[in-house]
Amino acid sequence: QGQLKIAPAAMAARCRLSARFHHIHGANVRLDASRTRATRVESFANGLCFSQEPLAPGQIFLVEIEEKELGWCGHLRVGLTAHDPQSLEVVPEYSLPDLVNMGDTWVFAITRSHNRVVVEGEEAQARGPPWEPFLLIERVRIPRDTLVGRSRPGRYSHILDDLYKMNVLPATARRSRIGVLYTPQPDGTADMHIVINGEDMGPSARGLPTTRPLYAVVDVFASTKSVRVIPVDYGFPSLQTLCRVVIQKHIVHRLAIDGLDLPPLLKSFCQHE
C-alpha cells in the first residue's frame with residue numbers, strides 16, 4: 001500500500017516518460033516516430049500494443065481513439081499483462097483469447113455501454129459529480145480533466161448536450177479516452193481498474209500479482225483503427241481548467257458558451273478541447 005504514496009511530481013514525470021507504446025507490437029500495427037500513435041493498417045486483427053514500460057502502482061495508461069473504421073464488429077480492448085513484450089516469440093493475433101490464454105493477462109473489450117463491473121454482494125459506487133477536479137480510485141487521485149474525451153460542437157450538438165453536461169462521450173466513440181491502472185491490496189495482490197472518459201468502472205479483475213511487472217495492453221481491434229497515448233499530469237489542475245469546470249457547471253448547453261463575454265481561445269477551450 002505504501003507504494004501508492006508516490007509524490008505527484010515524481011508520478012507526473014514517470015507518466016510523461018512512459019507515455020508511449022513498446023516497439024514490440026502486432027504485425028498490422030504501425031507506430032509514428034514518437035511511438036505515441038498506433039494505427040492498424042490492414043485487416044481487423046494483429047493490432048496488439050503494449051506500454052513501453054511496466055506501470056507503477058496507481059499509474060494510468062491512457063489512450064484516445066483517433067480513428068474508427070466501418071465494416072468491422074468489435075471495439076478497442078484494454079488490460080494488463082505480466083508478460084514482458086520483449087519475451088514474446090510471436091505477438092499473438094488477438095488479446096482475446098490468444099494473449100489471455102497464455103495466462104497472467106487480464107483484458108476486457110470496451111463496449112458501447114459502460115463496462116462497469118459489480119462484484120457479487122457489492123453495490124456499484126455512485127459516480128461523483130462531473131465537475132469534481134479529481135477522480136479518486138481507492139488511494140489514487142488523478143486529475144479528471146485529462147481523462148475525459150469530448151466531442152466537438154457542431155450542427156447536431158444538441159444531441160450530445162446531455163452527454164456533454166456529464167463530461168463523457170460514448171465509450172467507443174472517436175475522441176473517447178480509455179485508461180487502465182492497478183491498485184495494490186492489503187493481501188499483496190492488486191485490482192485492475194478501467195477508466196472510461198473520467199469514470200472508474202470499478203475493479204474489473206482482482207488478484208493480479210504485484211511481484212511481477214505489469215504492462216498495459218491496448219488491442220487496436222476491429223472498428224478501432226488508430227489510438228494515441230495521452231500523458232497524464234498528476235499535479236494540480238491548471239487555472240484554465242478550473243475556469244472551464246466552473247463555466248460548464250453553470251451553462252445550459254455548450255452552444256451557450258458562444259454568447260458569453262469571454263476571449264475566443266477560452267471559449268474554444270471550454271467547448272471542446
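Arg 228 touches Thr 36, Arg 37, Leu 62, Val 63, Glu 64 and Glu 66, leaving out residues up to four places away in sequence. Contact here means heavy atoms within 4.5 Å. The model is predicted: local features need pLDDT of at least 70, side-chain atom pairs count only at pLDDT 80 or more, and totals for chains, interfaces and linings use all residues. Residues are numbered from 1 along each chain as its sequence is written, and side-chain values use heavy atoms, with hydrogens and water left out.

Arg 228 sits in strand 13. Helices (H or I, at least four residues) and strands (E, at least two) are DSSP runs, numbered from the N terminus. The side chain of Arg 228 makes a polar contact with the side chain of Glu 66, at 2.6 Å. A polar contact is a pair of N or O atoms within 3.5 Å; within protein, one must be able to donate a hydrogen and the other to accept it, and residues adjacent in sequence count only if both atoms are side-chain atoms. Glu 67 lies 161 residues from Arg 228 in sequence, yet their C-alpha atoms are 9.6 Å apart in space. Is Arg 228 buried, partly exposed or exposed? Arg 228 is partly exposed, because its relative accessible area is 28%. The cut-offs are under 20% relative accessible area for buried, over 50% for exposed, and partly exposed in between, with a 1.4 Å probe and protein chains only.

Strand 13 also holds Thr 224. Thr 224 has a relative accessible area of 0%, so it is buried. Its contacts, leaving aside neighbours within four places in sequence, are Arg 40, Ile 65, Glu 67, Lys 68, His 75 and Leu 76.

Strand 12 comes next. Why does strand 12 count as largely enclosed by the rest of the structure? Five of its five residues are buried. In a regular strand the side chains alternate between the two faces of the sheet. Here Tyr 215, Val 217 and Asp 219 point one way, Ala 216 and Val 218 point the other way, and all are buried. Strand 12 pairs with strand 3 (residues 48-50) in the antiparallel sense, over three bridges. Two strands pair if DSSP finds at least two bridges between them. Leu 48 stands opposite Asp 219 of strand 12. Strand 12 also pairs with strand 5, again antiparallel, over five bridges. There Gly 79 has Val 217 of strand 12 as its bridge partner.

Now the core. A nonpolar core is a set of buried Ala, Val, Leu, Ile, Met, Phe, Trp, Tyr and Cys residues joined through side-chain atoms within 4.5 Å. The largest one has 32 residues, and Phe 21, Phe 61, Val 63, Ile 194 and Val 218 have the most contacts inside it. Elements giving two or more residues to this core include strand 4 (61-68), strand 5 (77-81), strand 12 (215-219) and strand 13 (224-229). Strand 10 gives the most, with four residues. Apart from this core lies another, of twelve residues, among them Val 140, Ile 142, Leu 147 and Ile 230.

Strand 10 is also the place of Ala 190. Ala 190 counts as buried because its relative accessibility is 0%. Its C-alpha is separated by 8.5 Å from that of Ala 205, 15 residues apart along the chain. Thr 183, in strand 9, touches residues including Ala 190, Ile 137, Val 140 and His 193. Thr 183 is buried too, since its relative accessibility is 0%. The side chain of Thr 183 makes a polar contact with the side chain of Glu 138, at 3.3 Å.

What of the cysteines? Cys 49 is buried, with a relative accessible area of 1%. Cys 73 is exposed, at 74% relative accessibility. The count of disulfides is zero, where a disulfide is a pair of cysteine sulfur atoms within 2.5 Å.

Last, the whole protein. It has six helices and 13 strands. Of its 273 residues, 50% count as buried. Among contacts between residues at least 6 apart in sequence, 71% join residues at least 24 apart.
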